[in-house]
Amino acid sequence: MDEQKETLRVGSAVRRRRRQLELTLAVVAERSGLSVPFLSQIENERARPSRRSLLRVADALRTTDVELLAAADPARTVEVVRADDDTDLDTSTPDARVRQLARGHHQLQVLEFIGDHDEGREFQHRNDELLYVVEGAVEMEAEGRAYRLGRGDSLFLTGGVRHRWRATVPDTRVLVVAVGDHIEAVDDGGR
């Protein structure tokens, strides 16, 4: 069984884009040359468009097939990342590793940092992030304030907070959980 297989549900992305542009299915059908029933089936996940059909839908929605696929919802999946899986994202520093713990293009991003990383690099993400120290200790700077975190400590950052951190103990393990930067987090006005 392929544990890494990810099936995207592009219909939800098509519907969101169509509604964002305030278009009816009939208008998209006219622009794309596809039928209203077929477009409805795509939006309701009852039909999967061919690459050519997806290109036509994307053109009708003034976007690209790549953007629609990037905005697609992953199908319900269960994914296992084993401790010995070779999923390092950065191997430039021999004493440091970064493992992606949730593969693919999801709303939730989860990374495990082992050892140290580029301590001089400052980060600023548009969405929320949680940093949890699994082992060791780190020094964290966020918006000009310094924080020392040890095993079991966590630090939550709202979107837009400038921050940087460094490991202060060898073999430090840090878990970072974040809302994907590709997700537009919007204030719903208190609803």
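**Why these labels?**

Student: Why does aspartate 171 count as exposed?

Tutor: Aspartate 171 has a relative accessibility of 62%. Exposed means over 50% relative accessible area, buried means under 20%, and partly exposed lies in between (1.4 Å probe, protein chains only). Since 62% is over 50%, aspartate 171 is exposed. Two ground rules before we go on. This is a predicted model, in which local features need pLDDT of at least 70 and side-chain atom pairs count only at pLDDT 80 or more, while totals for chains, interfaces and linings use all residues. Residues are numbered from 1 along each chain as its sequence is written, and side-chain values use heavy atoms, with hydrogens and water left out.

Student: What makes the backbone of aspartate 171 worth a remark?

Tutor: Its phi is positive, about 60°, although aspartate 171 is not a glycine. You will find aspartate 171 in the loop between E10 and E11. Those names refer to DSSP runs, numbered from the N terminus: helices are H or I with at least four residues, strands are E with at least two. The chain has five helices and eleven strands.

Student: Where does glutamate 45 lie, and what is its phi?

Tutor: Glutamate 45 lies in the loop between helix H3 (36–43) and H4. Its phi is positive too, near 60°, in a residue other than glycine. At 35%, glutamate 45 has a relative accessible area that makes it partly exposed.

Student: Why is serine 53 called buried?

Tutor: Serine 53 has 11% relative accessibility, so it falls in the buried class. Serine 53 sits in helix H4 (residues 51–60). Setting aside neighbours within four places in sequence, serine 53 is in contact (heavy atoms within 4.5 Å) with Leu34 and Phe38. As for the whole chain, buried residues make up 34% of its 191 residues.

Student: How do you know that glutamate 112 and arginine 173 form a salt bridge?

Tutor: A salt bridge needs a side-chain nitrogen of Lys or Arg within 4 Å of a carboxyl oxygen of Asp or Glu. For the side chains of glutamate 112 and arginine 173 the N to O distance is 2.5 Å, and the pair therefore qualifies. This pair links distant parts of the chain, with glutamate 112 in strand E5 (residues 108–114) and arginine 173 in strand E11 (residues 173–179), 61 residues apart. Glutamate 112 is buried at 9%, whereas arginine 173 is partly exposed at 30%.

Student: Why do E7 and E8 count as paired strands?

Tutor: Two strands pair if DSSP finds at least two bridges between them. Strand E7 (residues 137–142) and E8 have six bridges in the antiparallel sense, so they pass. One example is valine 138, whose bridge partner in E8 is leucine 149. These strands belong to an open sheet of three strands, in the order E8-E7-E10, with antiparallel pairing. Strand E8 (145–150) and E10 are at the edges with a single partner strand each, so one side of each has no neighbour in the sheet.

Student: Why is the pair of phenylalanine 113 and tryptophan 165 called edge-to-face?

Tutor: Rings of Phe, Tyr and Trp (its six-membered ring) pair if their centres lie within 6.5 Å; planes under 30 degrees apart count as stacked, over 60 as edge-to-face and the rest as tilted. The count by this rule is one aromatic pair. Phenylalanine 113 and tryptophan 165 are 5.3 Å centre to centre with 90° between the planes, so they are a pair and edge-to-face. Phenylalanine 113 in strand E5 and tryptophan 165 in strand E10 are 52 residues apart, so this pair links distant parts of the chain. Both phenylalanine 113 and tryptophan 165 are buried.
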